[in-house]
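Here's a quick briefing to read alongside the model. Have a look at the structure first, then go through the notes below.

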Amino acid sequence: TYYSVYYDQSKSDLSDYEPYTLMNKLFISHRLSKVFAADATASRTDSRQRDGIHVLSDYSASVTARPLNTLLHTLRASKRTDEVVDHKTVTTYVNFNNAATLYRGISLKLNFAEGDTTTDGRQTRDSSMIAGSTLLPFPAMTINLYYTAVDSRSTGGESQDTSSKTKNTGTSLSYSPYET
C-alpha cells in the first residue's frame, strides 16, 4: 500500500500563463490466499492547461488468481473520467487476461476486454480478443505469434452511427546470438 503526491508548476517572465499539475494516487494491494490476490488504485490529477482546467480521475480494481506457477488469470475493472471546460469523457473497461506456460519455452496468452467511452453524448463500445504465443526454441531466439479481433460501435451525439471490425494476425522473430 502506498500514497503518492506530485506537484509541478511552471512560471515564465514572458507570459502570465502558469500551467500546473497536481496528482494524488493511492494504491492498495492484498494477498487473499495462496492463489488469490487483489489490488485497487485511485488517482486524481488536476492541471491547468491552455484550454482550461483539466480534472482526470482514475479508478481500478483487480483480482488475480495463480492456481499454478505456470497459470495466471487476472480480472480488472477500471473507470476514467476526464473533464475540461464543458467536455466530459467517461471510459469504463473490464479486462480478463490469461497466461499459461505449457512447457519451458512455450507460453500462451488469451485476453478479452469490453469497454465503453462516452463523450458529449456520443457512446463508443469496444470489444476485443487477443490470443498469442511465445516460443523460445533456444535462448537466443524468440518467436511471437498473435491474433487480435476488435469490434467497435459508436452511437448517439450529433454524428452518424458507425461500426467497425478489425482483425490482425502477425508473427515476429528475434535472434540475439551475442549478449550486449
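**Around serine 62**

Leaving aside neighbours within four places in sequence, serine 62 is in contact (heavy atoms within 4.5 Å) with Ala37, Ala38, Asp39, Thr74, Leu75 and Arg76. This is a predicted model, so to speak, with local features needing pLDDT of at least 70 and side-chain atom pairs counting only at pLDDT 80 or more, while totals for chains, interfaces and linings use all residues. Residues are numbered from 1 along each chain as its sequence is written, and side-chain values use heavy atoms, with hydrogens and water left out.

**More on serine 62**

- Serine 62 sits in strand β4, residues 52–68 (strands are DSSP runs of E, at least two residues, numbered from the N terminus).
- Serine 62 counts as buried because its relative accessibility is 3% (buried means under 20% relative accessible area, with a 1.4 Å probe and protein chains only).
- Its side chain makes a polar contact with the side chain of arginine 76, at 3.3 Å (a pair of N or O atoms within 3.5 Å, one able to donate a hydrogen and the other to accept it; residues adjacent in sequence count only if both atoms are side-chain atoms).

**β4 and β5**

- β4 and strand β5 (residues 71–84) run antiparallel, joined by 13 bridges (two strands pair if DSSP finds at least two bridges between them).
- Leucine 56 stands opposite aspartate 82 in β5.

**β9 and β10**

- Strands β9 (residues 141–156) and β10 (residues 162–175) are antiparallel too, with 14 bridges.
- Serine 154 has threonine 162 in β10 as its bridge partner.
- Five residues lie between the strands of this hairpin, where glycine 157 takes a positive phi near 70°.

Methods: Helix = DSSP H or I, 4+ residues; strand = E, 2+ residues; numbered from the N terminus. Buried < 20%, exposed > 50% of the residue type's maximum accessible area, 1.4 Å probe, protein only.
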